[in-house]
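Good morning. Please look at the structure first.

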Amino acid sequence: MIFDVDKETMPREELEELQLRRLKQLCERVYANVPFYTNKFKELGIEPKDINSLSDLTRLPFTEKQDLRNHYPFGLFAVSRENIVRIHSSSGTTGKATVVGYTKRDIKNWADLMARSFAIAGATPEDSIHNAYGYGLFTGGLGAHYGAEALGATIIPVSGGGTRRQIMLLKDFGADVICCTPSYALFLHETGKEMGIDFEKLPLRIGIFGAEPWTESMRRDIENKLKIKALDIYGLSEIMGPGVAMECAEEQNGLHIMEDHFLPEIINPETGEHVEPGEAGELVITTLTKEGIPLIRYRTRDLTRLNYTACRCGRTFARMQRIMGRSDDMLIIRGVNVFPSQIESILIETEGISPHYQLVVERDGNLDILTVKVEISGASFSDEIKNLQRLERKIQKTIKEFLGVTARVKLVEPKSIERSVGKAQRILDLRNQDQQ
């Protein structure tokens, strides 16, 4: 099922004409209504009339998350407050929150984009959707909620938390689709197993997972345990929320970016220059239709690559590879670049351990020390000490061979690493604390 056939299968030439028309309109709007962009344009010596092709995009300024924080709370809004019908924001745990506003049309577009996303995943109006994303200022819960309703499906607005109750509702209400983070999906399975739930007997057939990076290995683990098709969804609150891109059920090979609403670029995160087609780099997005807080060339810090080849599902939108990591989440350990997803791939392929882990980085003198804490599985918990030590050495050796970095590996008891109903906290960087 394709929710919006005309847009989702639009020939590339027509799509680019639409993108250029909307880009020009966007530049005119922000230049007239957002002083931040007015000043940026003037600093660069350009005006909206200078944007005459998609290649002119590179003449426009980047927007950073810090720009939203610097103009907290409403300084980047492009419409008056009476035209804002909803506000969302980030948690602000690493500084001031980023605040985003939506007009009535923004909310309608968002709902339609999420309806597209559900359809891309294989959901239908006859399905019921168990929504375990948190409701509130976080965009995930309400974004999925209104998208399910726009599709015509039945929404079960469970929100986050209450894991045992979630399992009971999955069983009693018989949902066909579940939305949550991938790490929480594994936690649901772990809890359900304790409760004697056989996931194979549940109607559940589709999982739509986002809000944190995950690997192909984790996908296989989720699909094997929950007996579903696991699909990746992408979004971020600054751009819209979930529904910016969605992986199709037919290929499970990259996420279709909704290019009629979001214009993507891939840049070198250090130089800001475009990389060669197909190369990996940082995803940059321009919002083509957003009214409340339109953004030009927003640097997501997410690392991926774009694929413009034809997809079996029939959609013509470019596909982005699953997020490999974030340029600001990359750990540099003794000169070696390390991403949590790389460690995760190794751990999930290792027998005797669970998929729950944490990376702890400390400093000993001038040396960075990486410790990988990982839970052993219940079956391995009773193994002799020498067997567990052998497993630690095996993991350490594999990390060294594949990533070129020496890490300490510490096996910990089952369920000793804190679970999260939201984004899993994979990194604990204590280096700054060590210096204090």
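Let me start with what is inside. Of the 436 residues in the protein chain, 54% are buried. Keep in mind that this is a predicted model.

Next, the surface. The protein chain exposes about 19,400 Å², and 47% of that comes from carbon and sulfur atoms.

Now the fold. The chain has twelve helices and 21 strands. Its radius of gyration is 22 Å, close to the 22 Å from the globule rule for 436 residues, so the chain is as compact as a globular protein of that length. Along its principal axes, the C-alpha trace spans about 70 × 55 × 40 Å.

What about contacts along the sequence? Counting contacts with a separation of 6 or more, 66% are between residues 24 or more positions apart.

Then charge. There are 56 positive and 62 negative charges, and their mean positions lie 3 Å apart.

Last, the aromatic rings. How many aromatic pairs does the structure hold? There are seven. I will show two of them.

One is Phe36 with Tyr37. The ring centres are 5.0 Å apart and the planes are at 70°; over 60 degrees counts as edge-to-face, so this pair is edge-to-face. Phe36 and Tyr37 are both buried.

The other is Phe209 with Trp214. Here the centres are 5.8 Å apart and the planes are at 90°, so this pair is edge-to-face too. Are these residues buried or exposed? Phe209 has 0% relative accessibility and counts as buried. Trp214, with a relative accessible area of 2%, is also buried.

That is the end of my part.

Key
Residues are numbered from 1 along each chain as its sequence is written. This is a predicted model: local features need pLDDT of at least 70, side-chain atom pairs count only at pLDDT 80 or more; totals for chains, interfaces and linings use all residues. Side-chain values use heavy atoms; hydrogens and water are left out. Helices (H or I, at least four residues) and strands (E, at least two) are DSSP runs, numbered from the N terminus. The radius of gyration is taken over C-alpha atoms; the globule rule is 2.2 Å times the number of residues to the power 0.38. Buried means under 20% relative accessible area, exposed over 50%, partly exposed in between (1.4 Å probe, protein chains only). Contact means heavy atoms within 4.5 Å. Accessible areas come from the Shrake-Rupley method with a 1.4 Å probe; for residues, only the protein chains shown count as cover. Lys and Arg count as positive and Asp and Glu as negative; His and the chain ends are not counted. The place of a charge is taken as NZ of Lys, CZ of Arg, CG of Asp or CD of Glu. Rings of Phe, Tyr and Trp (its six-membered ring) pair if their centres lie within 6.5 Å; planes under 30 degrees apart count as stacked, over 60 as edge-to-face and the rest as tilted.
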